[in-house]
Amino acid sequence: GNQSDQSTKYPWQVSEIPNIGKVLVANRDIRPWEKVLEDTALITAPTNSPVCLGCLGKVSGAVVCVRCKWPVCREECQDMQSHYEECQVFQRSEIAPSTDHLERSRGIYSFISVLRILLLKKKDNESWTIIQNMMDHWEERSKDDKVVEGIIAMTKFFQEKLGLDWVTIEDVQHSFGVLKTNAVGYMDGNGQALYPVVCIMSHSCAANLEPVKDPAEIITFRAKRKIKKGEELTMRYTDFLDCRRNIQRKTMKEWIFA
């Protein structure tokens with residue numbers, strides 16, 4: 001459509017605020033309960049628990065993907081789009097968790113989300129570019145020796161064990177930092193999703209938007225009250241089952257060394 005269509009299509013726009021960065025702002029008055037925003041995840045992935053690489057549901061280890069031997073909850077899940085690229089990588093490298101000791105494989109599951117971002121570099125330039133522009137707060141994170149060691153170990157794993165010689169340590173740092181900064185937890189905290197628009201939204205205890213239902217591949221927000229044109233759009237991170245600050249505190253400790 002033409003330009004004028006674009007501006008009326010969504011009731012929001014991205015604005016730049018000095019010293020704060022990008023925010024979402026209402027570009028017209030919004031009625032209470034009106035649907036304001038729908039966002040599609042760039043990736044969905046496990047956090048660090050053994051889950052189905054298709055739907056991120058619970059797994060017992062009884063059913064595995066016929067091609068790469070990673071656990072899935074049912075056969076259909078091995079054919080999901082989100083699993084396709086990594087499936088080929090795991091087949092080639094013959095890397096899969098031991099299904100008898102799934103709980104011991106937590107470390108390797110925490111790599112999947114970073115791997116899914118890295119694989120976008122090869123197949124989806126548009127999504128990769130969006131992720132390049134997301135905040136990773138690496139300066140702060142790099143002060144933690146455990147995190148730095150973890151990133152080095154992870155990079156070696158991708159390059160040597162998985163044979164992805166095009167992966168750089170900078171890519172791994174950024175992907176890791178972006179997830180820790182921007183990912184939204186769902187599926188009781190066993191899954192996480194990275195949404196391109198939601199990650200611009202600020203947190204407020206008196207948020208004016210709320211999710212319509214639990215997040216999934218697509219997340220939808222509606223207005224909790226009347227919102228005036230020009231007002232910033234905000235959400236409450238705690239509306240998600242695992243507030244992301246909470247996830248951060250928890251996983252920083254157990255990340256990679258679990």
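Begin by selecting Trp 12, which is buried, with a relative accessible area of 15% (buried means under 20%, exposed over 50% and partly exposed in between, with a 1.4 Å probe and protein chains only). This is a predicted model, in which local features need pLDDT of at least 70 and side-chain atom pairs count only at pLDDT 80 or more, while totals for chains, interfaces and linings use all residues. Residues are numbered from 1 along each chain as its sequence is written, and side-chain values use heavy atoms, leaving out hydrogens and water.

The whole structure holds six aromatic pairs (rings of Phe, Tyr and Trp, the last by its six-membered ring, with centres within 6.5 Å; planes under 30 degrees apart count as stacked, over 60 as edge-to-face and the rest as tilted). Tyr 10 and Trp 12 form a stacked pair, 5.1 Å centre to centre with 25 degrees between the planes.

Next, select Trp 70, Phe 90 and Tyr 109, which ring pairs link into a cluster. Phe 90 is also among the residues with the most contacts inside the largest nonpolar core, which has 70 residues (buried Ala, Val, Leu, Ile, Met, Phe, Trp, Tyr and Cys joined through side-chain atoms within 4.5 Å).

Show the surroundings of Phe 158: the residues it touches include Phe 111, Val 114 and Val 172, not counting residues up to four places away in sequence (contact means heavy atoms within 4.5 Å).

Finally, select Leu 37, which stands opposite Phe 221 in β9 (strands are DSSP runs of E, at least two residues, numbered from the N terminus).

Definitions and conventions. Two strands pair if DSSP finds at least two bridges between them. Helices (H or I, at least four residues) and strands (E, at least two) are DSSP runs, numbered from the N terminus.
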